[in-house]
Amino acid sequence: MFTLPGLESLAMHSTDPPTAMIVPVQSAHRAVWSQLYAAFADSQSVAQTKAMRERVWAWLQDPAHPVEGLIALNVGKRPIGLAHFRVFPCPLSAAEALFLDDLYVDRMARGQGIGAALLAALQAEAVRRGLPLVRWSTLPQNAAACALYDRLAVRVDHLLYDLPARSAF
């Protein structure tokens with residue numbers, strides 16, 4: 001289980017105890033993780049198949065694969081959120097950092113500091129590994145997430161592009 005130094009500085013700035021425990025993804029989380037990840041894909045308008053989720057699950061269970069996962073558990077220990085991340089190189093700064101690929105909180109658990117708790121766990125993990133930052137992208141129309149991110153992180157002025165491998169020049 002992750003200890004979350006810094007969680008108190010990120011999660012809702014209150015004296016209330018955290019409403020979630022953040023742990024690495026474990027095999028016992030498989031079924032609920034799959035439901036959460038399917039809901040995340042749907043929220044992103046991504047057509048995702050069961051086979052695609054099975055592939056990502058296999059990555060998360062493979063210690064040699066770069067993708068890692070965290071699960072947020074409520075006080076009843078039911079998974080209510082997830083984060084997928086990986087270390088990536090930053091050649092210009094001659095450093096590595098954490099990249100947050102996916103962050104999702106169950107609709108019924110939103111507004112309780114779960115997203116902030118997942119980000120705090122990622123920040124703590126970056127510190128533990130001696131990495132300078134956690135980076136991610138989001139959809140600009142995701143107003144609630146952007147409000148959280150604007151409060152906790154620095155927005156950068158970079159655009160994100162995808163160049164399909166089959167693209168002709």
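**An aromatic cluster, a sheet and its helices**

Trp33, Tyr37, Phe40, Trp57 and Tyr104 form one aromatic cluster. Rings of Phe, Tyr and Trp (its six-membered ring) count as a pair if their centres lie within 6.5 Å; planes under 30 degrees apart are called stacked, over 60 edge-to-face, and the rest tilted. The model is predicted, and local features need pLDDT of at least 70, side-chain atom pairs count only at pLDDT 80 or more, while totals for chains, interfaces and linings use all residues. Residues are numbered from 1 along each chain as its sequence is written, and side-chain values use heavy atoms, with hydrogens and water left out.

Six aromatic pairs are present in the structure. In one of them, Trp33 and Trp57 are tilted, at 5.1 Å centre to centre and with 50 degrees between the planes. Trp33 belongs to helix 2 and Trp57 to helix 3 (residues 50–61), so this pair ties together parts that are 24 residues apart in sequence. Helices (H or I, at least four residues) and strands (E, at least two) are DSSP runs, numbered from the N terminus. The ring centres of Tyr37 and Phe40 are 6.0 Å apart and their planes meet at 10 degrees, so this pair is stacked. Both Tyr37 and Phe40 lie in helix 2, three residues apart, which is about one turn of the helix.

How far are these rings covered? A residue is buried under 20% relative accessible area, exposed over 50%, and partly exposed in between (1.4 Å probe, protein chains only). Trp33 is buried, at 1% relative accessibility, and Trp57 is buried too, at 6%. For Tyr37 the relative accessible area is 9%, and for Phe40 it is 12%; Tyr37 is therefore buried, as is Phe40.

Five strands form an open sheet in the order 1-2-3-4-5, with mixed pairing; two strands pair if DSSP finds at least two bridges between them. Strand 1 (21–24) and strand 5 (134–136) stand at the edges with a single partner strand each, so one side of each has no neighbour in the sheet. Strand 4 (residues 95–105) pairs with strand 5 in the parallel sense over three bridges, and Leu100 stands opposite Trp136 in strand 5. Helix 2 (residues 30–43) packs on the sheet, touching strand 2 (68–73), strand 3 (79–90) and strand 4, and its direction makes about 70 degrees with that of strand 3. Contact means heavy atoms within 4.5 Å; axes are lines fitted to C-alpha atoms, for helices over the stretch in contact, and angles run from 0 to 180 degrees between N-to-C directions.

Helix 4 (residues 114–129) lies across strands 1, 2, 3, 4 and 5, running at about 160 degrees to strand 4. Of its 16 residues, 12 are buried, including Ile114, Leu118 and Leu122. Just after helix 4, Gly130 takes a positive phi of about 75 degrees.

Finally, consider the interior. A nonpolar core is a set of buried Ala, Val, Leu, Ile, Met, Phe, Trp, Tyr and Cys residues joined through side-chain atoms within 4.5 Å. The largest such core has 25 residues, and those with the most contacts inside it are Ile22, Leu70, Ile114, Leu118 and Leu122. Helix 4 supplies the largest share of this core, eight residues. A second, separate core of 14 residues includes Val23, Leu36, Tyr37 and Leu73.
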